[in-house]
Amino acid sequence: MHIVYIHMDNEMKKSDMELKFIYNKNQIKEREALAYAESIDQHYINEIDIEKVYLTERQWAEIAQKLGVEIQDLINTNNDYYQDILKGKEFDEDDLLTLIKDHPQIVKTPILESKASAKFIKSPYDLNELDMAFKEIKGEYANKGESDD
């Protein structure tokens, strides 16, 4: 992992530089997206494999809020568990959060979460745009007269 601190008026904390990469390690495209995320050297990538790391209902609710979606929009309706067990049934938000906590494989992943926001990653290549945005921010806040070259 690479951590590069950007020097600004206030010193940046590691928590400000952290990106949580929420994914299912069993999915090859999601592992590829993680590799792209790890190449973003301006941030610390906290890898969260939903098959191994327990997230609470509250954490899932906060992720949905950061994504700007309803709880039901976190669910991948193409997932086998959803198709076989849940399809056609009605659930309130609390029930959905419990289902997601107990069966995280039904969540649309990967998700990249920062301190202030989150984004669904549809393709590993989505991270190229994100990396470019971080480089622009870094350039904007870089000390005058300094260069990475």
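So, how many helices and strands does the protein have? There are 6 helices and 4 strands, where helices (H or I, at least four residues) and strands (E, at least two) are DSSP runs numbered from the N terminus. Starting at the N terminus, the order of elements is α-β-α-β-α-α-α-β-β-α.

Quick housekeeping. This is a predicted model, where local features need pLDDT of at least 70 and side-chain atom pairs count only at pLDDT 80 or more, while totals for chains, interfaces and linings use all residues. Residues are numbered from 1 along each chain as its sequence is written, and side-chain values use heavy atoms, with hydrogens and water left out.

Okay, burial. Of the 149 residues in the protein, 35% are buried; buried means under 20% relative accessible area, exposed means over 50%, and partly exposed is in between, using a 1.4 Å probe and protein chains only.

Have a look at helix H2, residues 28–38. Its buried residues are Glu-30, Ala-33, Leu-34 and Ala-37. Looking down the axis of H2, they fall within an arc of 105°, so they line one face of the helix. That arc is taken from the directions from the helix axis to the C-beta atoms. Over on the other side of H2, you'll find Ile-28 and Lys-29 exposed.

H2 turns up again in the second largest pocket, where it gives the most to the lining, with 4 residues. What's a pocket? On a 1 Å grid over the protein atoms alone, it's an open set of points where a 1.4 Å probe fits, with protein on both sides within 12 Å along at least five of seven lines; lining residues have an atom within 4 Å of a point. This one holds about 280 Å³ of space. It has 13 lining residues, and the closest to its centre are Glu-30, Thr-109, Pro-110, Ile-121 and Lys-122.

Two of those names deserve a second look. Thr-109 and Pro-110 are joined by a cis peptide bond, with omega about 5°. In general, most peptide bonds are trans. Pro-110 is in the loop between helix H5 (93–102) and strand S3 (111–113).

Last stop, the rings. Phe-21 and Tyr-23 make a tilted aromatic pair, 5.5 Å centre to centre with 50° between the planes. The rule is that rings of Phe, Tyr and Trp (its six-membered ring) pair if their centres lie within 6.5 Å; planes under 30 degrees apart are stacked, over 60 edge-to-face, and the rest tilted. Phe-21 is buried at 0% relative accessible area, and Tyr-23 is buried at 1%.

Conventions: Grid points are joined across faces, edges and corners, and a volume is the space filled by probe spheres set on the points.
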